[in-house]
Amino acid sequence: MTGNKSFFKTLVMEEGGCVTFGDGSKKRVVGKGTISVPRLHSVSNAIYVNGLKANLVSISHLSNEGYSILFSKNDCSILKPDEQTLLKGMRSSDNCYCLEARIVLNNASMDEQIELWHERFSHMNFRDLGILGKFNCVCGLPKLRKKANCVCGPCQQGKQTKSMHKKGKYLSIKEPLELLHMDLMGPMQTESLGGKRYIFVCVDDFSRFIWTYFLREKSETFDKFKMLCNKIQNEMNSNIKSIKRIRSDHGREFENAVFESYCNSLGIFHEFSAPRTPQQNRVVERKNRVL
Ligand SMILES: [Zn+2]
């Protein structure tokens with residue numbers, strides 16, 4: 001059942017009673033038909049429920065159609081009567097099994113193939129995919145034809161950023177350690193094996209060398225910074241080089257009395273980017289994206 005009318009290839013509007021959900025709420029069934037969505041096997045006897053937010057698949061309905069469904073701890077598969085996989089689903093963090101709108105390759109038409117291979121190659125751009133196919137760079141990769149308006153939704157969502165600021169004519173950096181950019185990334189959705197959820201990232205403007213430290217709490221930032229300073233000063237002692245300037249955002253982990261007094265004692269000039277303007281801290285923010 002779905003609440004999206006555009007999914008239907010054929011739809012007969014008819015009153016079909018109500019559907020009651022787990023929380024007791026009721027929604028009216030307003031039609032019945034066949035769903036046909038690109039890259040998803042067509043589903044007959046689908047019902048159109050007014051105002052339904054999620055698309056739900058009935059297990060008993062699939063069984064009646066002759067499909068078998070296999071559930072395991074991490075995923076589920078819907079198998080055709082000849083044991084071929086029709087659809088696969090992954091278990092989500094809130095214990096639902098979510099079907100993915102993808103089908104096995106031998107069912108894909110030419111137009112759908114380029115999207116499938118785009119996903120298989122970690123969302124590689126369509127032009128390069130075409131080149132891979134054209135010059136037979138990959139065994140088994142068919143010659144892909146580019147669609148006119150090929151837009152990948154996840155790519156658009158994942159790669160959107162704010163436009164960059166104009167490059168300023170700021171002082172050019174002449175040697176390592178003259179300017180360090182730093183930032184704290186996190187909290188991450190998944191913590192590391194050691195229970196760490198934050199990453200302290202520090203980038204040298206001149207060499208673009210990166211130091212990264214994993215932290216359990218934001219409050220550990222200062223200790224890590226102090227440790228990094230000591231290490232750098234020790235390493236560079238023979239050349240009498242030291243950190244001159246650091247740049248960070250206004251995060252509380254960077255803008256506090258302890259941090260300030262430590263910087264003052266070492267003679268480090270601490271610059272801040274303007275509030276809510278990560279573009280000004282672009283060097284380290286861009287590194288975060290790579291990491
Ligand atoms: Zn993509």
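Helices (H or I, at least four residues) and strands (E, at least two) are here DSSP runs, numbered from the N terminus. The coordinating atoms are NE2 of H118, ND1 of H123, SG of C152 and SG of C155, at 1.9 to 2.3 Å from the zinc ion; donors are N, O and S atoms within 2.8 Å of the metal (3.2 Å for Na, K and Ca), and sites may look incomplete because water is not among the atoms.

The 4 donor atoms make angles of 105 to 115° among themselves, and the site of the zinc ion is tetrahedral, a label given to four donors if all angles lie between 85 and 135 degrees. Buried means under 20% relative accessible area, exposed means over 50%, and partly exposed lies in between (1.4 Å probe, protein chains only).

## Basis of the description

This is a predicted model, in which local features need pLDDT of at least 70 and side-chain atom pairs count only at pLDDT 80 or more, while totals for chains, interfaces and linings use all residues. Residues are numbered from 1 along each chain as its sequence is written, and side-chain values use heavy atoms, with hydrogens and water left out.

## The five-stranded sheet

An open sheet of 5 strands, with mixed pairing, has the order β11-β10-β9-β12-β13. The strands β11 (210-215) and β13 (269-272) stand at its edges with a single partner strand each, so one side of each is left without a neighbour in the sheet. Neighbouring strands of this sheet are turned by 20° against each other on average, direction ignored; axes are lines fitted to C-alpha atoms, for helices over the stretch in contact, and angles run from 0 to 180 degrees between N-to-C directions. Two strands are taken to pair if DSSP finds at least two bridges between them.

Strand β12 (residues 245-248) and β13 run parallel and are joined by 4 bridges, and within this pair of strands I246 stands opposite H270 in β13. Helix α5 (residues 221-235) packs on the sheet, where it touches β9 (179-185), β10 (198-204), β11 and β12, and its direction makes about 145° with that of β11; contact means heavy atoms within 4.5 Å.

## Salt bridges

The structure holds 7 salt bridges, each defined as a side-chain nitrogen of Lys or Arg within 4 Å of a carboxyl oxygen of Asp or Glu. Among them, R245 forms one with E271, the closest N and O atoms being 2.4 Å apart. R245 lies in strand β12 and E271 in strand β13, so the pair ties together parts that are 26 residues apart in sequence. R247 also forms a salt bridge with E271, with the closest N and O atoms 2.8 Å apart, and this pair links R247 in strand β12 to E271 in strand β13, 24 residues apart. R245 and E271 are buried, R247 is buried as well, and R245, R247 and E271 are linked in a network of salt bridges.

Another salt bridge joins the side chains of R127 and D128 (3.6 Å, N to O); here R127 is exposed, with a relative accessible area of 58%, and D128 counts as partly exposed at 26% relative accessibility.

## The four-stranded sheet

A further open sheet is formed by 4 strands in the order β5-β6-β7-β8, and the pairing is antiparallel. Its edge strands are β5 (68-71) and β8 (97-99), each of which pairs on one side only. Strand β7 (residues 85-91) and β8 pair in the antiparallel sense over 3 bridges, and R91 stands opposite Y97 in β8.

## Backbone details in the loops

Most residues other than glycine have a negative phi, and most peptide bonds are trans. L177, in the loop between α4 (153-159) and β9, has a positive phi of about 70° although it is not a glycine, and L177 is buried, with a relative accessible area of 2%. The peptide bond from G186 to P187 is cis, with omega near 0°, and P187 lies in the loop between β9 and β10.

Conventions: Tetrahedral: all angles 85-135°; square planar, octahedral: opposite > 155°, others 65-115°.
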